[in-house]
Amino acid sequence: MERIPVAIVGCGGMGTRHLFGLSELERAGLNPFDLVAVCDVDPARADHLADEAQARLGRRPAPCADLDATQRLGAVAVDITTVPRFHHSLAADAIALGLDVMVEKPVGLTVAAARQLKDAIAGSDRILSVAENFRRDPTNRLVKALIEGGVLGEPRYFHQSSGGGGNLMAISMWRHLKDESGILFDAGTHYTDMMEYYLGPVVSVYAQMRLFEKVRYNPAASGGAPASNPGGVYGESQAAMPAEFEATADDALFAMVNFASGAVGQYAENRAEHGRESWARSVHGSAGAVEIPKDRSGRPLVLTLDRTRTYTGAEILPLVPRFRLDDVTAALFGGPRATAYGLDFETVDRLLLAVEYAEFGNAIATRTPPEVGLEEGLRAIAVCYAMMESGAAGGRIVTVDDVLDGSVGDYQAGIDDAIGVGV
């Protein structure tokens with residue numbers, strides 16, 4: 001099959017991780033793309049990613065500085081991996097050029113930004129895929145099969161809580177700046193997507209939110225090890241960031257979540273935790289509950305039915321006889337019914353990005369909608385901001401519909417002003 005000419009737009013840490021994902025598809029003989037260009041406003045970053053591509057793919061894409069150039073270089077599709085504030089505008093510009101688009105989450109830095117993108121591309125036949133990787137983890141696919149297969153009975157309750165970070169910088173300085181995508185939003189859009197993937201639409205929330213650590217510290221700036229460095233690709237840029245800086249984005253959120261189905265959820269995300277790192281996620285139903293490991297960890301599920309019967313890993317498979325991973329995920333993770341995998345984080349991160357690329361390629365080739373498109377990406381943003389709007393308003397109940405239509409948006413208003421988006 002003829003390969004699809006593609007360009008990566010944004011050659012920093014996330015663009016590098018996406019290249020690593022593409023190289024995993026290449027290694028497996030499943031790559032539908034020809035990387036013809038890498039694009040960044042910083043020529044040095046574009047050159048560096050082009051060199052990485054040469055080493056990993058055996059061919060060097062042309063470095064360039066703007067979307068128009070990617071098209072002149074032959075790209076018919078782009079993968080947008082810039083910092084979040086540019087996601088919506090670059091996606092709109094690319095689709096206006098006639099390009100198919102995969103864009104990193106969040107699809108917009110605010111609901112208004114995502115709605116602006118929606119308006120801009122209305123009527124277009126171009127593919128828009130939102131690169132949401134957590135739901136593609138084989139472990140999360142198995143959770144979905146348990147819920148859809150009725151193994152848990154009627155879903156009643158979702159729980160997620162996590163903590164860590166203390167007063168250290170999480171990956172990049174911008175993740176602590178409100179108008180650049182604070183950590184609660186950057187991580188939260190993953191988690192709200194997971195909520196709706198498991199249990200369907202969220203209708204309302206109420207929450208408390210805090211900014212506990214008003215100054216963040218970056219040990220990499222003084223020669224120490226980075227506090228966090230997913231994929232191992234951020235170390236050089238972290239060393240160039242300030243050793244300490246003022247944080248403007250809230251870092252802790254505690255919410256109650258109401259689903260349209262009648263299920264209830266609790267969500268706690270404390271990125272200022274000074275105790276032990278913690279993680280818990282579970283789904284509970286009328287017949288049992290499943291405990292879910294951290295995404296990209298490769299650890300097995302633990303399923304308990306009727307309070308007495310416990311199953312883990314492959315023991316769960318007889319309960320979901322129709323569970324099958326898609327062909328690409330199966331090829332990369334060890335089979336169509338993989339339940340756990342002994343791989344390090346960096347490898348899993350690359351493989352899940354490879355799955356995103358494979359699905360994007362299939363959507364282009366077949367002209368079919370991707371699993372996570374604009375509507376799913378917009379809802380993940382809206383549910384996350386519903387919690388944050390509630391927290392900023394002192395805990396009042398906020399509906400997702402009111403956030404989607406712009407009726408509630410005080411917390412986002414300043415971000416909209418900063419990025420030049422009108423409601």
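Let me start with a helix contact. Leu 184, Phe 185, Gly 188, Thr 189, Thr 192, Asp 193, Met 195 and Glu 196 in H8 meet a set of residues in H12, namely Arg 379, Ala 380, Ile 381, Val 383, Cys 384, Tyr 385, Met 387 and Met 388. By type, the residues of this contact of H8 with H12 come to 10 nonpolar, three polar and three charged. Please keep in mind that this is a predicted model.

Now the geometry of that pair. Helix H8 spans residues 183-199 and helix H12 spans residues 374-392. Their axes come within 8 Å and cross at roughly 115 degrees. H8 and H12 are therefore roughly perpendicular to each other. The crossing of H8 and H12 is right-handed.

What else does H8 lie across? H8 lies across strands E7 (155-165), E8 (202-210), E11 (252-259), E12 (264-273) and E13. Against E12, H8 runs at about 160 degrees.

Those strands take us to the sheet of nine. This sheet is open, its pairing is mixed, and its order is E16-E15-E14-E13-E7-E12-E11-E8-E17. The edge positions are held by strand E16 (309-312) and strand E17 (398-399). Each of these two has a single partner strand, so one side of each is left without a neighbour in the sheet.

One pairing in it as an example. Strand E13, residues 278-285, and strand E14, residues 288-291, pair in the antiparallel sense over three bridges. Which residue in E14 is the bridge partner of His 284? That partner is Ala 289.

Strand E4 (residues 77-80) and strand E5 (residues 100-104) run parallel and are joined by four bridges. Asp 79 has Met 102 in E5 as its bridge partner.

Last, the annotation. An unreviewed UniProt entry carries "domain: GFO/IDH/MocA-like oxidoreductase" over residues 141-290. In the model, that span is 23% helix and 37% strand. The end C-alpha atoms of residues 141-290 lie 13 Å apart.

Definitions and conventions
Residues are numbered from 1 along each chain as its sequence is written. This is a predicted model: local features need pLDDT of at least 70, side-chain atom pairs count only at pLDDT 80 or more; totals for chains, interfaces and linings use all residues. Side-chain values use heavy atoms; hydrogens and water are left out. UniProt positions are given in the numbering used here, feature names are shortened, and annotations may be inferred rather than shown by experiment. Axes are lines fitted to C-alpha atoms, for helices over the stretch in contact, and angles run from 0 to 180 degrees between N-to-C directions. Angles under 35 degrees count as roughly parallel, over 145 as roughly antiparallel, 65 to 115 as roughly perpendicular and the rest as oblique. A crossing is left-handed if the near helix is turned anticlockwise from the far one by less than a right angle, and right-handed if clockwise. Contact means heavy atoms within 4.5 Å. Ala, Val, Leu, Ile, Met, Phe, Trp, Tyr, Cys and Pro count as nonpolar, Asp, Glu, Lys and Arg as charged, and the others, Gly among them, as polar. Two strands pair if DSSP finds at least two bridges between them.
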